[in-house]
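Let's take a walk through a protein model together.

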Amino acid sequence: MQTTPKGFRLHLGIFGRRNVGKSSLLNALTHQPTSIVSETAGTTTDPVEKPMELLPIGPVLWIDTAGIDDEGALGELRIQKTKSVLDRTEIGIIVSTADAPISRFELDLIIAFRNRSVPVIYVLNKIDAAQPRPETIDELKSLNIPYVMTDALTGRGIIDLHKILLQAVPDDFLTPPPILVDLVPPKSMIILVVPVDKEAPKGRLILPQVQTIREILDAHLSCVVVQDTQLDDAIKRITPAPALVVTDSQAFAKVAEIVPQSIPLTSFSILYARQKADLKIMIEGARAIKNLKTGSRVLIAESCTHHPIEEDIGTIKIPKLLQKYVGGEIEFKHVRGHEFLTDDFNCELVIHCGACMWNRREMLSRIMYCQNANIPITNYGLAIAYTLGIFDRAIKPILDATS
Ligand SMILES: Nc1nc2c(ncn2[C@@H]2O[C@H](COP(=O)(O)OP(=O)(O)OP(=O)(O)O)[C@@H](O)[C@H]2O)c(=O)[nH]1
Ligand code: SF4
Ligand SMILES: [Mg+2]
């Protein structure tokens, strides 16, 4: 169970001011001393993550955070980390001491979650020490925010919190958007092209490939998995013709030449633009490539940190393709992990990896930041298809089935 990738877990973030009992609440929820508790304000400095099976929801990831009212230079850094947890949170749990009024800190959190359409639960903690003010209850009711009263030290109210959590689980966690099963007729045969090159991990497939195969099996469809070198042979042998070919974006140029125009073709990363992000916005983002020119600035963002290899897609291949398309030098900035837009690099386009390791919420937050800054955003597969001149063909299978 503990091996369920983080991106598949419902992210439950615990927020609030210092010393209100956030870590105590996490410990009560997980039935173990997961996070350090003390009476000193500012005990939790970095986000504490705890994966757990929470029935009947399934795999969840609890995230305890540093106080949102932290102070000083270090406190400011801790607040930034807390805010980055907010970007990936799918249900926001705001903790306050029961008798405290709703301050600007809690209100800012409520607004941030509402801007992201993320459900919020309010926890009035330390109910053993003081009762909530009637004004607070009235305010929560008028804001339409479900609340619960807890004593995190004895576990009182934790069952009520579980019940409210169940009601708040977002629909797209219970029924996530499909990867491809809705793009093909029942009983279809699909070809998956998986090049085993220097970038392929040793002895295994990567998450988007595994997840796609699993979805095909769940839907009782069939697939053939080949390297690009076996693709031509596979197409010739399969009759009737496959309903769809899905390729790793890195082999797009070669695969597009091999696959006849009559067979729909797309890439894993284009499918992921729908599953993990917002396809329409990412398509518009790819179209912004036509506005790039010599000297343009492009931010390339990857969710994971890895040592770039010789033919790395983010640092080598995509920059080469874009510069060839533009016919001149482009200025690139590469960010990894939770670092994203920064004031020192005003870019004209963001190109993001498929974000297979992240939950959809985090990508939607990134899209929101880009939209607020008026910067188009797309992903690797769409950008590659655009620069290769096969964009319309690559998005057609999804547009045909969904529009
Ligand atoms: N009486 C009472 N004390 C509590 C309760 N929950 C937490 N405490 C106490 O409040 C203090 C702070 O608890 P923490 O869980 O560390 O609070 P926190 O919000 O994580 O604090 P920071 O990490 O510093 O932001 C500790 O002394 C806890 O024992 C509660 O429900 N009732
Ligand atoms: S960098 Fe992005 S696409 Fe690559 S494995 Fe990490 S999340 Fe997935
Ligand atoms: Mg804490």
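First, some ground rules. This is a predicted model, so local features are described only at pLDDT of at least 70 and side-chain atom pairs count only at pLDDT 80 or more, while totals for chains, interfaces and linings use all residues. Residues are numbered from 1 along each chain as its sequence is written, and chains are lettered from A and ligands numbered from 1 in the order in which they are written.

Let's start with sheets. Strands of a sheet pair through backbone hydrogen bonds, either parallel or antiparallel. Here, two strands count as paired if DSSP finds at least two bridges between them. Look for an open sheet of four strands in the order β8-β7-β9-β10, with parallel pairing. β8 (222-226) and β10 (265-267) sit at the edges with a single partner strand each, so one side of each has no neighbour in the sheet. On average, neighbouring strands of this sheet are turned by 25° against each other, direction ignored. For angles like this, axes are lines fitted to C-alpha atoms (for helices, over the stretch in contact), and angles run from 0 to 180 degrees between N-to-C directions.

Now zoom in on β7 (residues 189-193) and β9 (residues 244-247), which pair in the parallel sense over four bridges. Within that pairing, L192 has V246 in β9 as its bridge partner. Helix α7 (residues 207-218) packs on the sheet and touches β7, β8 and β9, and its direction makes about 170° with that of β7. Touching means contact here: two residues are in contact if their C-beta atoms, placed from the backbone, lie within 7 Å.

Move along to another open sheet of four strands, this one in the order β12-β11-β13-β14, and again the pairing is parallel. Its edges are β12 (331-336) and β14 (377-379), each with a single partner strand, so one side of each is left without a neighbour in the sheet. The twist from one strand to the next averages 25°. β11 (residues 297-302) and β12 run parallel and are joined by six bridges. One pair to find is I300 with its bridge partner H334 in β12. Packed on this sheet is α14, which touches β13 (349-352) and β14 and whose direction makes about 90° with that of β14.

Stay with α14 for a moment and look at its helix neighbours. Two packed helices are described by the angle between their axes and the distance between the axes. The axes of α12 (residues 313-326) and α14 (residues 380-388) come within 9 Å and cross at roughly 30°. That makes α12 roughly parallel to α14, because angles under 35 degrees count as roughly parallel, over 145 as roughly antiparallel, 65 to 115 as roughly perpendicular and the rest as oblique. Which residues of α12 and α14 meet? I313, I318, L321, L322 and Y325 in α12 meet Y380, A383, I384 and T387 in α14. The residues of this contact divide into eight nonpolar, one polar and no charged. In this count, Ala, Val, Leu, Ile, Met, Phe, Trp, Tyr, Cys and Pro are nonpolar, Asp, Glu, Lys and Arg are charged, and the others, Gly among them, are polar.

α14 also meets α11 (residues 279-287): their axes come within 9 Å and cross at roughly 40°. That makes α11 oblique to α14. The contact is made by M282, I283 and A286 of α11 and L382, A383 and Y386 of α14. Its residues divide into six nonpolar, no polar and no charged.

Next, the backbone. Most residues other than glycine have a negative phi, and most peptide bonds are trans. A cis peptide bond joins L55 and P56, with omega about 0°, and P56 lies in the loop between β2 (48-54) and β3 (58-64). Another cis peptide bond joins T239 and P240, with omega about -10°; P240 is in the loop between α8 (228-237) and β9. K187 has a positive phi, near 65°, and is found in the loop between α6 (171-174) and β7.

Last stop: the ligands. A residue counts as near a molecule if its C-beta atom, placed from the backbone, lies within 6 Å of it. Ligand 1 is surrounded by 22 residues, the closest being G21, S23, S24, E39 and T44. Helix α1 (residues 22-30) gives the most to this shell, with three residues. Around ligand 2 you'll find E302, S303, C304, C353, G354, A355, C356 and M357. By class, the shell of ligand 2 has five nonpolar, two polar and one charged residues.

Key
Helix = DSSP H or I, 4+ residues; strand = E, 2+ residues; numbered from the N terminus.
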